[in-house]
Every structure is written in C-alpha cells, then in structure tokens.
Amino acid sequence: MNVDKNTRNLEQGIETNFSDKMGYGSYLHLNQVLTAQKPVSRPEHHDEMLFIIQHQTSELWLKLVLHELEAVRARLQSDDLRAAMKGIARIKHIQRTLTEQWSVLATLTPSEYMEFRGDLGSASGFQSYQYRAVEFLLGNKNVGMLKVFEADPEAHALLARILNETSIYDEFIRFMARRGYDIPDDLLNRDVSKAHVFHPGLVQVYKHVYENAAQNWDLYEACEEMVDLEDNFQLWRFRHMKTVERTIGMKHGTGGSSGVGFLQKALELTFFPELFAVRTEIGQ
C-alpha cells in the first residue's frame, strides 16, 4: 500500500463550514485589505504592486506604533514604568521590521521605478500623517506640518490633538520629577505644543542616574530603552534616505521636497538630546 506522505488529512474537529461563523478572513477583513492595492499606472506596471504593498504595510506598522506609544504615555502618567518599558520593547521590534522592509523596496531599480513614478502625481511619503503623529508623540512637534493635512479633516484633527498633548519624553521627565529627581521647572511647565529642545539641567539629572546606576536601576534601564528607541528611528531614517538615493538619485521627491537632501536634514533631528549628551559628561 502506497502512502502519500505529502498529503495531510484534516484532523477530526477542525472547522470547515464558515457560512454562519466568523473565520480568519472575516475577522481580519481580508476582502478589504487584499483588494486595497490599486495600481494607477496604465498599462499597469508589474513593480507598482511592490511599491504599494511596501507603503501600505509600513502604514499598518505605524498604526501599531501609535497605538503602543499612546499606551506608553498613559502608563508613564500612572507611574507604571515597567509596563511603559514593555511597550517600548514592542515598538523596538516593530522598528526593526520597518527598517528591514527598505531592503525589499531597494530591489526596485531606477529604471523600473521610472516606469510608473510619473503616475504617482504629487503623492509622497512626506504626507504620511501617521509618521508625523509618531514624531509628535516622541517630541518632535512642528505646527507647520498641520498645513499639509488640511484636506484630510481626520488626519488634521489627530495631529492637532497630539500636537497639544504631552509627548512620551514630557511624561518621562514628569515621572522622574514625581520620583524626586530635581527636574528644572521650565521643563515641567513648558509649552508642550513646541518641540523639546536641549536643556543642560536635565543632563545633570541623567548624569546622577548613570553614575549611580545600582541605586537607580529601573530608571537607568529606562534611559537606555529610550536611547534604543531613538537609535532605531534614526536607523530607519538613514535606510529610507539610502533607498531613495539608490532609486532616484538626487531627483526631487514627488511631493515637492528636495528628496535625498530633505531626508539628510531629518537625520539631524533628535527626540531625546540629553540622553545622548550625558555620555560626554559621565565620569567627568
């Protein structure tokens, strides 16, 4: 008797009738998700599907990052540092996935992209409101960005709300103040709709934490988690810039930016400057 080892019989009890039950596809709304890829090039260019899926999946991951960052902020507000750091640990894994995705898009050669780039019109990743919301939640506020989203009331409302709320860095600093650390008053009472700027007084607070790590272990560890978060974000920005350079060289972006030059300037932005500056001060 021949046995086909490549055929597996369904186990008894496995559900097969979903006419009146929720199944995998209906739970995930796959009919909507998998039909949301609509190339605009005519004739349709093969590689546009890669371009669309790359950006759609990035937006899904950014949605989860936003979900986690808002939870991190709430946990810091309630003095639950351990749960907040658990959220940051998850975000760090998402960041690695987002960064690695650039290697997939990098398989799109310049000649392949030029086949449909003109069909994108003025659409650009610069217009990702979720990316801007992530930046705002990390502390890089910029009221000027809201103008880009005036035609999208929901996106504009989300960004306006987050602009006027505390960032996770604001809440981290306030948490330290409640723990008894000598945080400068102007940091605790600053206008949270503005970007955080470097404060030398905060560097001295971190210096005490790092030089007395055994007595401040949870906060010491949290500082390093925050540094990881920014490191990962900068690596994502760098991979983005290099992928764009590889694909379009020094051409302008479809949304009107200078392209690679614009992305290079973004590498100069920082969320938690004192956590990097303190490294120079430790031991001195």
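**Close-up views of a predicted all-helix chain**

**Figure 1. Overview of the chain.** The chain has 13 helices and 0 strands. Helices (DSSP runs of H or I, at least four residues) and strands (DSSP runs of E, at least two) are numbered from the N terminus. The model is predicted, so that local features need pLDDT of at least 70 and side-chain atom pairs count only at pLDDT 80 or more, while totals for chains, interfaces and linings use all residues. Residues are numbered from 1 along each chain as its sequence is written, and side-chain values use heavy atoms, with hydrogens and water left out. The C-alpha trace spans about 75 × 55 × 40 Å along its principal axes.

**Figure 2. Helix H3 against helix H8.** The axes of H3 and H8 (residues 168-178) come within 9 Å and cross at roughly 15°. Axes are lines fitted to C-alpha atoms, for helices over the stretch in contact, and angles run from 0 to 180 degrees between N-to-C directions. H3 and H8 are therefore roughly parallel to each other; angles under 35 degrees count as roughly parallel, over 145 as roughly antiparallel, 65 to 115 as roughly perpendicular and the rest as oblique. The crossing is left-handed, a term used if the near helix is turned anticlockwise from the far one by less than a right angle (right-handed if clockwise). On the H3 side, Leu69, Val72, Arg73, Leu76 and Gln77 meet Ile168, Glu171, Phe172, Phe175 and Arg178 of H8, where contact means heavy atoms within 4.5 Å. By class, the residues of this contact are 6 nonpolar, 1 polar and 3 charged. Ala, Val, Leu, Ile, Met, Phe, Trp, Tyr, Cys and Pro count as nonpolar, Asp, Glu, Lys and Arg as charged, and the others, Gly among them, as polar.

**Figure 3. Helix H8 against helix H11.** The axes of H8 and H11 come within 12 Å and cross at roughly 170°. The two helices are therefore roughly antiparallel to each other. H8 contributes Ile168, Tyr169, Phe172, Phe175 and Met176 to the contact, and H11 contributes Leu219, Ala222, Cys223, Met226 and Leu229. The residues of this contact divide into 10 nonpolar, no polar and no charged.

**Figure 4. Helix H11 against helix H13.** H11 (residues 217-248) and H13 (residues 273-281) have axes that come within 9 Å and cross at roughly 115°. H11 and H13 are therefore roughly perpendicular to each other. H11 passes H13 in a left-handed crossing. Cys223, Glu224, Met226, Val227, Glu230 and Asp231 of H11 make the contact with Leu275, Phe276 and Arg279 of H13. This contact has 5 nonpolar, no polar and 4 charged residues.

**Figure 5. The largest cavity.** The structure holds 1 cavity of 30 Å³ or more, and the largest cavity has a volume of about 120 Å³. On a 1 Å grid over the protein atoms alone, a cavity is a set of points where a 1.4 Å probe fits but cannot get out, a pocket is an open set with protein on both sides within 12 Å along at least five of seven lines, and lining residues have an atom within 4 Å of a point. Grid points are joined across faces, edges and corners, and a volume is the space filled by probe spheres set on the points. The cavity lining includes Leu62, Val65, Leu69, Gln95, Tyr131, Phe233 and Trp236. H3, H4, H6 and H11 are the elements that give two or more residues to this lining. By class, the lining has 11 nonpolar, 1 polar and no charged residues.

**Figure 6. The largest pocket.** About 1,400 Å³ of space lies in the largest pocket. Of the 49 residues that line the pocket, His55, Ser124, Gly125, Phe126 and His240 lie nearest its centre. H3 (48-77), H4 (81-105), H6 (129-138), H11 and H12 (260-266) each supply at least two residues of the lining. H3 gives the most, with 9 residues. The lining divides into 24 nonpolar, 17 polar and 8 charged residues.

**Figure 7. Backbone details at His29 and Pro43.** His29 lies in the loop between H1 (24-28) and H2, and its phi is near 55°, a positive value in a residue other than glycine. A cis peptide bond joins Arg42 and Pro43, with omega about 0°. Pro43 is placed in the loop between H2 (30-33) and H3. Most residues other than glycine have a negative phi, and most peptide bonds are trans.
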